[in-house]
Amino acid sequence: MTAYREVVVRTPLALKILPIVSVATFFIAWEIVVRTGVVPDTMLAAPTTVTQLLFDKFTNVDPDGALLHQHAWVSIQEAFGGYFLALAVGLPLGLAMGWFNVAEGLARPIFEIIRPIPPVAWIPLTIFWFGIGLPGKIFIIWLGGLVPCVINAYVGVKMTNPTLIQMARTYGASDWQIFRQLCIPSALPMVFGALQIALACCWTNLVAAELLAADAGLGFMITMGRRLAMPEMVVLGMFMVGLTGAFIGVIIDRVEKRLLAGIRR
Amino acid sequence: MIECRNVSKTFIQKGSQEVPVLEDVSIDVQANEFVVILGPGQSGKSTLLRIIAGLETPTTGTVILDGEPVTGPGADRGLVFQGYMLFPWKTVLGNVEMGPKLCGLPRDEARDIAMHYIDLVGLNGFEKHYPHQLSGGMKQRVGIARAYANKPRVMLLDEPFGQLDAQTRIFMEQETERIWQTDKRTVLFVTNNTDEALFLADRIVTIEGKLPGRVQRTYTVDLPRPRDLTGKHFLEMRREIIDASVLTL
């Protein structure tokens with residue numbers, strides 16, 4: 001009797017080199033299109049102009065009232081505030097809805113009413129309630145992140161192998177023991193999926209909320225760029241939104257892998 | 001020990017179509033007896049085992065375990081599944097000690113019991129392995145150790161070796177006999193394999209091959225153990241059982 005070993009697969013060379021070629025071509029083409037005037041610079045800024053503004057914005061608060069990293073920091077705070085609140089509420093709620101009939105019966109109808117309303121549609125109401133400061137945006141972001149958390153946790157529990165549940169019953173396990181020791185571990189891959197999906201939802205809604213109601217943040221920076229007719233600031237804002245989002249995504253991915261590794265192997 | 005009294009089961013399919021699966025099945029199993037329920041696929045024999053396990057309720061009739069009617073699943077009956085049904089995120093040890101832990105035994109005691117049965121099924125050295133690292137035969141050893149570790153009065157095995165290759169299967173049958181001889185339990189073993197039944201059983205109950213399943217005959221196998229798969233008496237009984245079952249197909 002021997003135990004199986006796992007096999008390591010290497011990435012092909014083409015998949016290592018071609019991405020670099022593709023990204024370089026994209027930026028060079030973009031630069032040329034703007035420099036040669038094919039696209040007028042009132043409609044789009046060249047990458048070099050955006051880079052200049054990027055360095056400028058680290059030291060110069062004008063014309064939008066804050067430094068670049070201050071905008072980013074405001075956005076990150078809002079995003080994580082809403083995100084962690086969404087996890088804290090959504091995951092336990094979804095898990096409970098997946099296993100306990102009382103939780104599903106009570107919470108599911110309300111959830112199904114709220115679910116199809118895009119969080120952005122709540123912005124006018126939240127401006128009535130909270131103004132344009134931090135709490136209102138956290139509320140919008142929370143709503144955005146809540147939906148995938150609940151759905152993934154719920155589906156994850158529902159996907160628990162029914163024969164495993166029966167098996168646990170023949171061992172005398174109670175409902176609560178089955179929920180804790182079987183349903184939650186079974187749902188974990190879906191829950192980890194929710195960490196990523198919810199973050200993406202939070203980030204999207206954050207930008208939407210900041211475009212409409214804010215006095216700082218990356219979305220606000222984009223709006224200011226439009227108002228001031230500065231396409232380079234719009235592009236820089238977009239770029240920073242993408243970069244920060246991707247950066248947070250990588251961190252969550254790392255955390256997820258670390259946690260899964262601890263559970264699986 | 002176990003009495004199935006006139007057990008019938010009818011499933012209601014979608015569109016309220018009734019599918020009778022078992023009809024008037026009565027079986028008595030004595031303490032520490034090894035009874036094999038032998039029947040072809042789709043004969044309701046797994047359903048009978050699930051009724052005894054308490055996972056299904058009979059439409060009519062009762063199952064009585066030590067004088068008490070069965071009303072639901074419980075730790076006094078250990079079920080071994082065809083598909084192994086191990087927790088993929090738990091080690092061999094974690095899977096085997098699950099039952100004792102669920103019963104509220106302290107950690108050390110649960111571990112000692114688990115280690116004892118891991119040893120009994122011949123998996124010592126593999127306690128820290130995860131199910132995905134094990135072969136089919138080894139997985140089912142874990143399944144058997146896990147059922148044993150709960151110290152059930154009755155072991156219920158539902159085609160436990162159905163997914164194994166022929167050689168591993170014969171080996172596991174020998175192991176099953178050895179484990180049973182070492183730590184005797186009342187065993188109800190469901191299979192569609194005549195050799196497996198004859199090799200293991202004190203008594204074989206054959207189930208007819210068409211739904212609803214009915215008890216066809218009972219054979220007492222009083223050959224000395226361990227049995228020779230090509231011995232004269234073994235082959236005579238094999239012919240007798242196969243002849244009788246072929247006629248009903």
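This note walks through a predicted model of two chains, point by point.

1. **Ground rules.** Because this is a predicted model, local features need pLDDT of at least 70 and side-chain atom pairs count only at pLDDT 80 or more, while totals for chains, interfaces and linings use all residues. Residues are numbered from 1 along each chain as its sequence is written, and chains are lettered from A, with ligands numbered from 1, in the order in which they are written.

2. **What the record says about chain B.** An unreviewed UniProt entry carries the annotation "domain: ABC transporter" for residues 2-234 of chain B. Do keep in mind that UniProt positions are given in the numbering used here, that feature names are shortened, and that annotations may be inferred rather than shown by experiment. Over residues 2-234, chain B is 32% helix and 27% strand, and the end C-alpha atoms lie 27 Å apart. Helices (H or I, at least four residues) and strands (E, at least two) are DSSP runs, numbered from the N terminus.

3. **Two domains in chain B.** Chain B is split into domain 1 (2-76 + 154-248) and domain 2 (83-151); such bounds come from an automatic or database domain assignment. The centres of domain 1 and domain 2 of chain B, taken over C-alpha atoms, are separated by 24 Å. Their contact takes 12 residues from domain 1 of chain B and 13 residues from domain 2 of chain B. Two residues are in contact if their C-beta atoms, placed from the backbone, lie within 7 Å. On the domain 1 side, helix 6 (residues 166-182) of chain B gives the most, with five residues.

4. **An antiparallel sheet.** Which strands make up the open sheet in chain B, and in what order? Four strands form it in the order 2-1-4-5, with antiparallel pairing. Strand 2 and strand 5 (68-69) of chain B are the edge strands, each pairing on one side only. Two strands pair if DSSP finds at least two bridges between them. Strand 1 (residues 2-13) of chain B is joined to strand 2 (residues 17-29) of chain B by nine bridges, and B:Glu3 has B:Asp28 as its bridge partner in strand 2. In the hairpin of these two strands, which has three residues between the strands, B:Gly15 takes a positive phi near 80°. Five bridges link strand 1 to strand 4 (residues 60-65) of chain B; in strand 4, B:Thr62 is the bridge partner of B:Arg5. Strand 4 and strand 5 of chain B pair over two bridges.

5. **A covered strand.** Is strand 7 (residues 154-158) of chain B mostly covered or mostly open? Strand 7 of chain B is mostly covered, with five of its five residues buried. A residue is buried if 20 or more other C-beta atoms lie within 10 Å of its own, exposed if 12 or fewer, and partly exposed in between, with C-beta atoms placed from the backbone. B:Val154, B:Leu156 and B:Asp158 are on one side of strand 7, with B:Met155 and B:Leu157 on the other. In a regular strand the side chains alternate between the two faces of the sheet. Strand 7 of chain B pairs in the parallel sense with strand 6 of chain B over four bridges, and with strand 8 (residues 186-191) of chain B, also parallel, over five bridges.

6. **The largest nonpolar core.** A nonpolar core is a set of buried Ala, Val, Leu, Ile, Met, Phe, Trp, Tyr and Cys residues joined through C-beta atoms within 7 Å. The largest one has 134 residues, and the members that touch the most others include A:Cys202 and B:Leu156. Helix 8 (residues 175-212) of chain A gives the most to this core, with 18 residues. Among the residues that A:Cys202 touches, not counting those up to four places away in sequence, are A:Ala79, A:Tyr83 and A:Ile141.

7. **Where the chains meet.** How many residues of chain B are in contact with chain A? There are 21, in contact with 17 residues of chain A. Helix 3 of chain B supplies the largest share of the chain B side, three residues.

8. **A partly exposed residue.** A:Glu31 is found in helix 1 (residues 14-35) of chain A. A:Glu31 counts as partly exposed because 14 other C-beta atoms lie within 10 Å.
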